[in-house]
Amino acid sequence: MEAIVALAFAFLVFPFSSPAQALSSNCYDHTCPQLESIVRRRCDASVLLNSKGKNKAEKDGPPNISLHAFYVIDNAKKALESKCPGIVSCADILALAARDAVAMSGGPSWEVPKGRKDGRISLASETRQLPAPTFNISQLKQNFAQRGLSIKDLVALSGGHTLGFSHCSSFQNRIHNFNATLDVDPTMNPSFASKLRSVCPAHNKVKNAGSPLDSSNLIFDNAYYKLLLQGNSIFSSDQALLTTPKTKALVSKFANSQKAFEKAFVESMIKMSSLAGGQEIRLDCRVVR
């Protein structure tokens with residue numbers, strides 16, 4: 001997973017507040033009033049999309065190993081600890097950073113409910129629970145459902161692939177040795193597949209080779225859905241959205257209306273970022289207390 005969607009799903013790896021703890025948009029008004037401005041200053045969209053992180057925790061687990069935006073979270077946490085020590089959770093910082101990255105890329109903004117706590121486990125292996133780019137529709141549905149997320153949430157949050165970049169390893173399965181008889185996934189637009197094969201040859205040795213996730217990958221728009229309907233999607237998990245009538249209908253709806261997509265995306269982000277779980281406020285987002 002890349003950029004915004006990967007950031008969003010990291011919400012589910014940093015477990016959040018328990019059900020007894022209500023979230024509030026003004027949670028830190030008195031205890032850390034500079035919170036949102038501090039996070040926003042560290043959320044330049046191009047940095048979130050292109051910078052490289054080095055910390056070995058959830059942020060570097062297998063499904064989202066190229067999720068470089070986490071270094072922004074680390075920097076924001078350091079700044080907040082100097083202003084409001086021990087007050088703001090990494091989970092809340094992450095929720096705000098995801099919102100700001102979308103807004104800075106021309107997408108919608110929204111009030112982020114705050115007051116989450118962080119989980120007590122921080123292992124790279126934990127991110128194996130995140131949806132992989134090779135997932136089929138059954139695996140995607142199951143992955144979302146076990147977190148209380150609907151099919152509409154699945155399709156809306158997949159639209160986060162309108163931003164970002166993917167390394168070849170995440171879509172190599174579609175353009176080389178697809179199955180016993182075909183080298184390339186037949187659902188792909190042939191010219192698009194050819195372009196990807198030129199960038200990512202079978203025995204690619206260029207570490208940072210890959211492709212933008214859509215044709216306007218620095219702008220938050222509904223191009224992802226339009227390209228998906230044209231056979232120009234990057235991941236198997238993208239193409240999977242066209243394999244059931246309900247998910248395909250939602251793809252078509254969002255392709256035809258950016259307003260409908262943005263509304264659904266915001267609703268799903270708020271829903272996901274309000275999931276329950278954690279017990280502490282980390283002082284360092286890489287390390288449990």
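Visitor: How much of the protein counts as buried?
Guide: Of its 289 residues, 56% count as buried, where buried means under 20% relative accessible area, exposed over 50%, and partly exposed in between, with a 1.4 Å probe and protein chains only. Please note that this is a predicted model, in which local features need pLDDT of at least 70, side-chain atom pairs count only at pLDDT 80 or more, and totals for chains, interfaces and linings use all residues. Residues are numbered from 1 along each chain as its sequence is written, and side-chain values use heavy atoms, with hydrogens and water left out.

Visitor: How many helices and strands are there?
Guide: The protein has 13 helices and two strands. These are DSSP runs numbered from the N terminus: helices are H or I with at least four residues, strands are E with at least two.

Visitor: What share of the contacts joins residues 24 or more positions apart?
Guide: Among contacts with a separation of 6 or more, the share is 77%. Contact means heavy atoms within 4.5 Å.

Visitor: Let us turn to Arg 99. Where is it, and is it buried or exposed?
Guide: Arg 99 lies in helix 5, residues 90-104. Arg 99 is buried because its relative accessible area is 4%.

Visitor: Which side chain has a polar contact with Arg 99?
Guide: That of Glu 36, at 2.8 Å. A polar contact is a pair of N or O atoms within 3.5 Å; within protein, one must be able to donate a hydrogen and the other to accept it, and residues adjacent in sequence count only if both atoms are side-chain atoms. Leaving aside neighbours within four places in sequence, Arg 99 is in contact with several residues, including Arg 40, Pro 108 and Trp 110.

Visitor: Trp 110 has a ring. Which cluster do ring pairs link it into?
Guide: The cluster holds Trp 110, Phe 220, Tyr 224, Tyr 225, Phe 254, Phe 261 and Phe 265. Rings of Phe, Tyr and Trp (its six-membered ring) pair if their centres lie within 6.5 Å; planes under 30 degrees apart count as stacked, over 60 as edge-to-face and the rest as tilted.

Visitor: How many aromatic pairs are there by this rule?
Guide: The count comes to eight aromatic pairs. One of them is formed by Phe 254 and Phe 261, which are tilted, at 6.0 Å centre to centre and 50° between the planes.

Visitor: Why does Phe 254 count as buried?
Guide: Phe 254 is buried because its relative accessible area is 0%. Phe 261 is also buried, with a relative accessible area of 0%.

Visitor: New topic. How do the axes of helix 6 and helix 7 cross?
Guide: The axes of helix 6 (residues 137-145) and helix 7 (residues 151-158) come within 9 Å and cross at roughly 105°. The two helices are therefore roughly perpendicular to each other.

Visitor: Which residues meet there?
Guide: Ile 137, Leu 140, Lys 141 and Phe 144 in helix 6 meet Ile 151, Asp 153, Leu 154 and Leu 157 in helix 7.

Visitor: And where is Phe 135?
Guide: Phe 135 is in the loop between helix 5 and helix 6. Phe 135 counts as buried because its relative accessibility is 18%. The C-alpha atoms of Phe 135 and Ala 240 are 7.7 Å apart, although 105 residues separate the two along the chain.

Conventions: Axes are lines fitted to C-alpha atoms, for helices over the stretch in contact, and angles run from 0 to 180 degrees between N-to-C directions. Angles under 35 degrees count as roughly parallel, over 145 as roughly antiparallel, 65 to 115 as roughly perpendicular and the rest as oblique.
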